[in-house]
Amino acid sequence: MSSDRLDELIRDRLSPDGQVLSLKAQFIREVGAKALAKKEELKNLRALDLTQNDIGDEGVKAIAESEIFSNLRTLNLKSNRIGDEGAGYLANSKTLKNLRSMQMVINDLSEEGEKILRNSTALSSLSSLKFRV
């Protein structure tokens, strides 16, 4: 994914107030997730929908570790090939502490990965965590 393409997607899909971004089914993959995690213009984001983007464990690591996303309240990671390793990155995230709702439907999590997320102490504001449709 080129930087220009990602910039164009952000321009087209970011709400006017800069708080909501839907990149559903844009297939940004791991490289796009890593680039997204460095976009300063997303620092006021409250809701991020990355449904069907194939970001995988390394892409989710970039999201989980990015200070840019410290204001996120809602994160949709449905259908992204995220496994237990990715669940660990999310569960131990020091920046997603304001996250209240997270969708993990249709990923590659085992029961152990789900348990890691459910028992996360870092995601202390999380009140909604969905693994099933």
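This is a guided tour of the structure, stop by stop.

The model is predicted, so local features need pLDDT of at least 70, side-chain atom pairs count only at pLDDT 80 or more, and totals for chains, interfaces and linings use all residues. Residues are numbered from 1 along each chain as its sequence is written, and side-chain values use heavy atoms, with hydrogens and water left out.

**Stop 1: helix α1**

Select residues 3–13, helix α1. Helices (H or I, at least four residues) and strands (E, at least two) are DSSP runs, numbered from the N terminus. Pick out Leu-6, Leu-9 and Ile-10, which are buried. Buried means under 20% relative accessible area, exposed over 50%, and partly exposed in between (1.4 Å probe, protein chains only). Now look down the axis of α1: the buried residues fall within an arc of 95°, so they line one face of the helix. The arc is taken from the directions from the helix axis to the C-beta atoms. An α-helix has 3.6 residues a turn, so residues three or four places apart point the same way.

Turn to the other side of α1. Asp-4, Arg-11 and Asp-12 are exposed there. What do the buried residues of α1 pack against? Show β1 (20–22) and α2 (29–36): these are their partners. Contact here means heavy atoms within 4.5 Å.

**Stop 2: the sheet**

Select the five strands. They form an open sheet in the order β1-β2-β3-β4-β5, with parallel pairing. Two strands pair if DSSP finds at least two bridges between them. Which strands stand at the edges? They are β1 and β5 (128–130); each has a single partner strand, so one side of each is left without a neighbour in the sheet. The twist averages 0° from one strand to the next.

Zoom in on β2 (residues 47–49) and β3 (residues 74–76). Three bridges join them in the parallel sense.

**Stop 3: α4 against α5**

Select α4 (residues 84–91) and α5 (residues 111–118). Their axes come within 9 Å and cross at roughly 5°. That makes α4 roughly parallel to α5. Axes are lines fitted to C-alpha atoms, for helices over the stretch in contact, and angles run from 0 to 180 degrees between N-to-C directions. Angles under 35 degrees count as roughly parallel, over 145 as roughly antiparallel, 65 to 115 as roughly perpendicular and the rest as oblique.

Show the side chains. From α4, Asp-84, Ala-87, Gly-88, Leu-90 and Ala-91 meet Glu-112, Gly-113, Ile-116 and Leu-117 of α5. The contact residues divide into five nonpolar, two polar and two charged. Ala, Val, Leu, Ile, Met, Phe, Trp, Tyr, Cys and Pro count as nonpolar, Asp, Glu, Lys and Arg as charged, and the others, Gly among them, as polar.

Stay on Glu-112. At 46% relative accessibility, it counts as partly exposed. Draw a line from its C-alpha atom to that of Lys-38: 30 Å, for residues 74 apart along the chain.

**Stop 4: loops**

Most residues other than glycine have a negative phi. Go to Phe-27, in the loop between β1 and α2. Its phi is positive, about 50°, although it is not a glycine. Phe-27 counts as partly exposed, at 40% relative accessibility.

Next, Ser-79, in the loop between β3 and α4. Ser-79 also is not a glycine, yet has a positive phi of about 60°.

End at Asn-44, between α2 and β2. Leaving aside neighbours within four places in sequence, Asn-44 contacts Gly-18, Gln-19 and Asn-71.
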